[in-house]
Amino acid sequence: MGIFDLEFIAQYYKYFLRGTGVTLSVSFFGVVFGTMVGVILSLMKLSNNKLAKGLSTAYIELVRGTPLLVQLFIVYYGFPMFLPFEMSRIALGTVAVLLNSAAYVAEIIRAGILSIDRGQMEAARSLGMTHSMAMRFIIIPQAFKNILPALGNEFIVLIKESAIISVIGIHDIMYNADTLRGITYRPFIPLFYAAILYFIITFTLSKLLGIFERRLRAGDQYN
Amino acid sequence: MINIINLNKKFGELHVLKDINQTIEEGEVVVVIGPSGSGKSTFLRCLNLLEEPTSGEIILEGVSITDKHNDVNRQREKMGMVFQQFNLFPHKTVLENITLAPVQVKGLTKEEADRKAMTLLRRIGLEEKANTYPNQLSGGQKQRIAIIRALAMEPDVMLFDEPTSALDPEMVGEVLEVMKELARDGMTMVVVTHEMGFAKEVGSRVIFMDEGRIMEEGTPKDLFANPQNPRTQDFLRKILV
């Protein structure tokens, strides 16, 4: 009966496997689309268009100022009322997670872009480049390198926070661990394994990002 | 070549440029001097619209660049600019710094752009630095590369904004040498600088600015030897000791 109960693992490992699959896919789509939406939000916030700026600022403040749990319920119950098509539970959960993450990503990217000396933009423009060329070739590549650690951190937060989607009945790691708690009347073991799984995922990601970051830094030799 | 008509620039309440009228002819080397805060850098930056003039008109080769209907990017291609802080792109090699705009903006092929860049690098004796990154260069090397980066776009005018002010003293000479060579080749140049030696040697005209106005202008010989305006006299006395 210790913590590493082989019998327990043999009997229930499929719950954990399936849960891990769900957590990974929700996180993956959350990160990918959350980043895309975040880029758009940050560019809106940095633009000179007052409407775009206002919308983006309001969105970011609202998302940062309300609990993810509330946002999740709003998406889960609210979206189906307005959408002309059906969305699966897992899709709704993913949408809630990505909409939340996008606000944080937007602020990270905005800070990264603002951290680049304005002389860089001026030099690019003085060479005849358009604003968007300068962004694409000069500003964003430099900003990206600076924000990678913060962005990686946000991805890890997203994976961990995704556990909250279990409350709307999505069978992720957390949900399945809780199910096993009910089946086996043993609260500790399933939650302990769930923790290990989350840790393996986030630790692997953080190591991978570390390698990626070093690769990028290697490009500029000094610094 | 460049006509500046009633140029005004305000930063909020601050009136930085007051009714500037100037004509810069082809082949001229115009040196702009004046105390700090006199508006000389702002004047230069208005010429390629890095600062948007509050009012007035700037006409380059017959085309108004302050006219919103004209594509400012096309006009900027004709004006190279060199900055006090060099502003090389740190994530690009020296060669990429030079070829990026010719390839992306002018549509040169990579090979053409590389060949031209190497010719320019050879001219300033830095061809062996083609594949290094800017942060491995000295200040003087950076600024010389910033100059040929602007030249790679084959501009009609070169604007210099205090190009030697951020350099260690022993590196000023190598940068001025490149600029003098450009001037001798007949490049039209507008130079904001404190290097009076440069102004005397290659300047065709010196403009003295103070408090947002052009106080006095003339050939370097006249202006330095025989300044008329009391402010010019005062300024020259302070810097020429």
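The model is predicted, so local features need pLDDT of at least 70 and side-chain atom pairs pLDDT 80 or more, while totals for chains, interfaces and linings use all residues. Residues are numbered from 1 along each chain as its sequence is written, chains are lettered from A in the order in which they are written, and side-chain values use heavy atoms, without hydrogens or water.

Start at the interface. Chain B brings 26 residues to the contact and chain A brings 24; contact means heavy atoms within 4.5 Å. Interface size is often stated as the accessible area lost when the parts come together. Here about 2,100 Å² is buried between chain B and chain A, and carbon and sulfur atoms give 59% of that. Buried area is the accessible area (1.4 Å probe) that two parts lose on being put together, summed over both. On the chain B side, Asn73(B), Phe89(B) and His91(B) lose the most area to chain A, together 24% of what that side buries.

Now the polar links. Six residue pairs are in polar contact between chain B and chain A, both residues at pLDDT 80 or more. A polar contact is a pair of N or O atoms within 3.5 Å; within protein, one must be able to donate a hydrogen and the other to accept it, and residues adjacent in sequence count only if both atoms are side-chain atoms. Which elements of chain B each supply at least two residues to the side that touches chain A? They are helix 2 (72-76), strand 6 (79-82), helix 3 (94-104) and helix 5 (139-151). Helices (H or I, at least four residues) and strands (E, at least two) are DSSP runs, numbered from the N terminus. Helix 3 of chain B gives the most, with three residues.

One salt bridge crosses the interface. The term means a side-chain nitrogen of Lys or Arg within 4 Å of a carboxyl oxygen of Asp or Glu. Glu122(A) and Arg45(B) form this link through their side chains (2.6 Å, N to O). Glu122(A) also meets Arg118(A) in a salt bridge (3.1 Å, N to O). Arg118(A) and Glu122(A) are separated by about one helical turn because they lie four residues apart in helix 5 (residues 118-126) of chain A.

Finally, look within chain A. Helix 2 (residues 50-64) and helix 4 (residues 89-114) of chain A meet through residues including Tyr59(A) and Ile60(A) on helix 2, and Leu99(A) and Tyr104(A) on helix 4.

Technical notes:
Axes are lines fitted to C-alpha atoms, for helices over the stretch in contact, and angles run from 0 to 180 degrees between N-to-C directions.
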